[in-house]
Every structure is written in C-alpha cells, then in structure tokens.
Amino acid sequence: MQEANKIWMNGELVDWADATVHVGVHGLHYGSGVFEGIRAYETPKGTAVFRLSEHLERLERSAKLLYMELPYSQEELKAATWDLIGANELPSCYLRPIAFYGYGQLGVSARDNPVDVAIMAWPWGAYLGEDGARKGVRLKTSSFVRFHHNSLMPLAKASGHYVNSILAGYEARRNGYDEALLLDVHGYVAEGSGENFFIVRDGVVKTPPLNSVLPGITRAAVMKILRDASIEVVEQTFPRDAVYIADEAFMTGTAAEVTPVRELDDRMIGAGVPGPVTIKVQEVFRNALHGRDARYRDWLHYV
Ligand code: PMP
C-alpha cells in the first residue's frame, strides 16, 4: 500500500510507522472489530469526503450489533477525519476508520477490553483496476455462500465477516476471474466480496434486498441516481440465471465505485461491454463525487 504521513489513533495523530498494536489484541484473534471504507475526492472547492455522516452512522450501527460502545462521538470522528486529511495533505484518498476490542483478556467472549479506534488515510486507485472500470470485470459464482443473518449480521461491517469475502475473493482470483459473486443460503444472488450487485433487463434495474448483503452507501446513492433519471430500480431476489440473460450488470462500492460486469461464469452479459444504463450511472456518480452535479452536493462534506 502507498503509505501516508499520519494515522489518527485513539485521539492522536501518530506517525504512520508508529500506529501499532500488541499482538494480543482481541480484534486480531477473533475479528471483533467494525470498520468503514470511505473515499475523499478532489473537487473544484477542495477535498470533499463522500457521505461521511452516512459512513460514520453505519460504523455506529455496526458497533451496536457487536455490543460495542464507540469511545468517540460522530462529531469527534468527523473532526478526526478532517485533522487526518489535513495532516496528510492528500487531495484525494481512501479512509479507513476501524474500532476493535483491544488488549486485555483473550477469552472469546471477553467484554471488558478497551475499544481501540483508528483512522487511516492513503491514496488508493480503482479497486477492480482501471481496465475493469472501463471495460467491465469477469465474475465467477463463488463456491462460498454469503453468510446467513442468523450466523453473522450482514447489516454490520464487521472485521470477522470478511473471512467469508476473503475466501470467495481469493478463490475467484486464483481461478483467473476479477471478482467473486456470492449467492445467499437460498441460492439467490447476494453480492460481491466487497461490492453490491445490480442487473439491468428491459430497462428495469434490480438489486438484491438487504437480507444477506451489506447496506452499501454507494448502492443507496446509485438507486437515487437511477430514480432521479426516471429509471425503475427494484430490490428483488433473483437467481444466477437471471444474470446470465441480463442486458447489463454492474457492481457498486466505495472502493470499486461503479464497475461494469461483462461476464459471469464465462457467459457474456449483454453485448459483453458496459451498457447504456451502466455508463449513465457511472458518469452521473463520478460527477457527483467530484462536485460537478448540483443535485448531489449534500453528499459531499468539505474538508
Ligand atoms: N458489500 C460488501 C461485502 C462490502 O465490503 C462493501 C464495501 N464496503 C460493499 C458491499 C459496498 O458498500 P459501500 O458502497 O458502502 O462501500
């Protein structure tokens, strides 16, 4: 990763190399942490963080789902984010707030460990590659099923949950694909290892409901963009064969932004190139991120 100067850790800005923890922290052993992935973009009015409040609210909800009390308020975390971006002098960056059970006891159910909180910021380009963002990515239906909400909680962005994503993402990449598409326990399409998923057929956009997928902030933004463009979008379960015969498909996420999908399981989707709805959404979303669309100005929080 590309290093930056400073990391905000437990209330202070520390040098990048000094933002370390003890090997006995609970979160490292059991994944008892919650985190966010946020991006800040260059705009004509300076650096702006995309939907910071929504991300910090999701962090708080994730913590609640893990019985965790965050030792900092939303306002304090916002101020920390500004301080961090300022200290690193990054015109655009990826931001990673994380809160985890720290050093104390190592029993699985230990509850009295302190909660450590850190925010990292560093430059990060297109998550699924520049080529992927332009031409579309190739997906493989994963042999790993997206976890059920009675095993873990898809509404939480929790560290431990990501073992499911790691297994799926690694399997797909080892087999020569760009990303995995996970199905839910009922066999319906859920999401990518780090992205929400959409298909387009006969002008209607479909995305799986929030049963076994992360409530993506990009997903919500894209749904709003589609509706504002009078394109129908429905939250509906659909099986993998609906993807094979879709006209278009795309993935959304903070890291991946809007990434077209050109193949699933070696079957070409539509014409095998990004379709008109995908291109439109990508363009409006990109303009919104960079402060070029007045309709979405309130999605940007200026540093
Ligand atoms: N699903 C998963 C599993 C993810 O990790 C992410 C990335 N946070 C997303 C969906 C997309 O969410 P967002 O748009 O909020 O980044």
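For Tyr162, the distance from a polar side-chain atom to an oxygen of the ligand is 2.4 Å. And how much of the ligand does the protein cover? It covers 96% of the 390 Å² of accessible area that the ligand has on its own; those areas come from the Shrake-Rupley method with a 1.4 Å probe, and for residues only the protein chains shown count as cover.

Quick caveat before I go on: this is a predicted model, where local features need pLDDT of at least 70, side-chain atom pairs count only at pLDDT 80 or more, and totals for chains, interfaces and linings use all residues. Residues are numbered from 1 along each chain as its sequence is written, and side-chain values use heavy atoms, with hydrogens and water left out.

Back to the ligand. There are 16 residues around it, and Lys157, Tyr162, Glu191, Thr218 and Thr254 come nearest; near here means a heavy atom within 4 Å. Helix 6 and strand 14 (248-253) each supply at least two residues of that shell. Helices (H or I, at least four residues) and strands (E, at least two) are DSSP runs, numbered from the N terminus.

Now salt bridges, meaning a side-chain nitrogen of Lys or Arg within 4 Å of a carboxyl oxygen of Asp or Glu. The structure has 16 of them. One joins Arg138 to Asp266, with the closest N and O atoms 3.3 Å apart. Why pick that one? Arg138 is in strand 8 (residues 137-141) and Asp266 is in the loop between strand 15 (257-264) and strand 16 (267-268), so the pair ties together parts that are 128 residues apart in sequence.

Asp266 turns up again for its backbone: its phi is positive, about 65°, although it is not a glycine. Asp266 is partly exposed, at 49% relative accessible area; on that scale buried is under 20%, exposed is over 50% and partly exposed is in between, with a 1.4 Å probe and protein chains only. Glu89 also has a positive phi, about 50°, and it is not a glycine either. You'll find Glu89 in the loop between helix 3 (74-88) and strand 6 (93-101), and at 67% relative accessibility it counts as exposed. For background, most residues other than glycine have a negative phi.

Next, Glu179 and Arg173. Their side chains meet in a salt bridge at 3.1 Å, N to O. Buried or exposed, which is Glu179? Buried, with a relative accessible area of 0%, while Arg173 is partly exposed at 36%.

Lys224 and Asp228 make a salt bridge too, at 3.1 Å, N to O. These two are 4 residues apart in helix 6 (residues 217-228), so about one helical turn separates them. Lys224 is partly exposed at 41%, and Asp228 is partly exposed at 33%.

Last one: Asp131, Arg134 and Lys135 are linked in a network of salt bridges.

Notes
Polar contact = N/O pair within 3.5 Å; in protein donor to acceptor, adjacent residues only side chain to side chain.
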